[in-house]
Amino acid sequence: MTSPRLSFRFVRLVYCLVVIAVAAYTSHADPVWRTAFVKRGFVGTYQSGWAGGVGATIRNRMPLAFSGTKVRVTLRSDYGADVQLAKLTLVPGGSGPGSIEGSPLSVTITGKQDAALPMRSKEVLSDEIDATIKAGTWYLQETFASTTYSYAYNVDAPSFEAGDQHAKPLLSGKQSGAWLGNAYRVDVLTTDTRPLILCYGDSITAGYNSTANAGCSYPEQLSKLLNRPVLNMGVNGDVITQRAYCASEIRALNGVNVVLFLMGVNDILTGGIKSLDKYQQCTGIVVKQLHESGIKVYWGTIPPFNGYKAGFTAGTTTLDLDKEALRKQINDWIRTSSGADGVIDYDKALCDSGDPSKLRADFQSDWLHPNDAGYHRMADVAAAVLR
């Protein structure tokens, strides 16, 4: 007959062996390509003379969401003219904004540093780079042999300087309020299996009026709070009426399985949406198509805009009551009937309790966009829901 003491030891031994086996299995998970950074919203061509001339070095801040062992870059030229890329490098950020640390990683396309990007071309994928990639702030640096290249509105302020300055610790300090160049996306080969969160929206998601180069947008702050990878696909001025079919764009990314969606204030302010029915139609398409792709959707309520000029009745400084009534009606519907997997109540988190049609004074920058504290508050409420 087996003694109780021996049985206990046997069970404990089996348990330990199972724990070790599981740990060994998970620590040797096969690496996969996941999207660690994406930039949306390229809107036109940029003249090289505005950024130090042909051959100047352009340095864009690029927060990478997770670590890995290989990296590749996707480029594209959508507007205006053919683009001739002369040099592309990646380098980890240094101790201060705009500073780099270490040797740049040379990015090649079919073995060459230079590449032609025909106007309105398909995406061009770089060669894979074997390197130790650590999550955090990196800089993507581009030099062009053409007189024009693409740009997109940006929260961070890229730096540029004439000549090949790819290895210079800090550039001259000249900055632009746009993402300059033709790099759209960065993928990293990683064993990180944490859910990849995508924040999709307009300038409030992008982080407009937050402190540049400081990681103060709500998606970056959310990533820190949750210790999970988060991508920012916010674009200034975007409207849901033009993004109802954004699911295909999101599906094209590698590894996204949670989407936080916040959009509608521009539709209301510009008159693009004048009824709840129209907003419901757009929302229904987004939620349905993302769910069909196995992606969870969390919908955000629309923050207030009283005090922002576009929210006033024409020719006055008085809140347009029809627009405010529509915002409240949409938010009530989001809270109860959107069909999303969850609701993030940005409106309730940011509004003034004494006047819910306005942002709290200590959370606002221009009565439409939050300040750094307001964006942190958004990240707090989003983190609470996702936890």
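Author: A residue is called buried when its relative accessible area is under 20%, exposed when this area is over 50%, and partly exposed when the value falls in between. The model discussed here is a predicted one.

Reader: How do you know whether Y46 is buried or exposed?

Author: Y46 has a relative accessible area of 9%, and since the limit for a buried residue is under 20%, Y46 is buried.

Reader: And what does the value for W50 make of that residue, buried or exposed?

Author: The relative accessibility of W50 is 52%, and a value over 50% is what the term exposed asks for, so W50 counts as exposed.

Reader: How many aromatic pairs are there, and what makes two rings a pair?

Author: The count comes to eleven aromatic pairs, where rings of Phe, Tyr and Trp are taken as a pair if their centres lie within 6.5 Å. Both the distance of the centres and the angle of the planes are used to describe such a pair.

Reader: Why is the pair of Y46 and W50 called edge-to-face?

Author: The ring centres of Y46 and W50 are 5.1 Å apart, with 85 degrees between the planes; the distance is within 6.5 Å and the angle is over 60 degrees, so the pair is edge-to-face. Y46 and W50 also belong to one aromatic cluster, together with F144, Y149, Y151 and Y153.

Reader: Which residue lies over the face of W367?

Author: K358 does, at 4.5 Å from the ring centre, and the distance limit for a charge over a ring is 6 Å. Another case is R40, whose charged end sits over the ring of Y200, 4.2 Å from its centre.

Reader: How do you know that strand 2 (42-47) and strand 11 (residues 148-153) pair?

Author: Strand 2 and strand 11 are joined by five bridges in the antiparallel sense, and at least two bridges are needed for a pair; within this pairing, T45 stands opposite S150.

Reader: What makes strand 2 an edge strand?

Author: The open sheet has three strands in the order 2-11-13, with antiparallel pairing. Strand 2 and strand 13 (178-180) each have a single partner strand, so one side of each is left without a neighbour in the sheet.

Reader: Why is strand 17 (residues 256-262) described as largely enclosed?

Author: Six of its seven residues are buried, so strand 17 is largely enclosed by the rest of the structure. Strand 17 runs parallel to strand 15 (residues 196-201), with six bridges, and parallel to strand 18 (residues 296-300), with four bridges; in the latter pairing, the bridge partner of L260 is Y298.

Technical notes:
Residues numbered from 1 in each chain as written. Predicted model: local features only at pLDDT ≥ 70, side-chain atom pairs only at ≥ 80, totals over all residues. Heavy atoms only, no water. Phe/Tyr/Trp six-rings, centres within 6.5 Å; stacked < 30°, edge-to-face > 60°. Buried < 20%, exposed > 50% of the residue type's maximum accessible area, 1.4 Å probe, protein only. Lys NZ or Arg CZ within 6 Å of the ring centre and 35° of its normal. Helix = DSSP H or I, 4+ residues; strand = E, 2+ residues; numbered from the N terminus.
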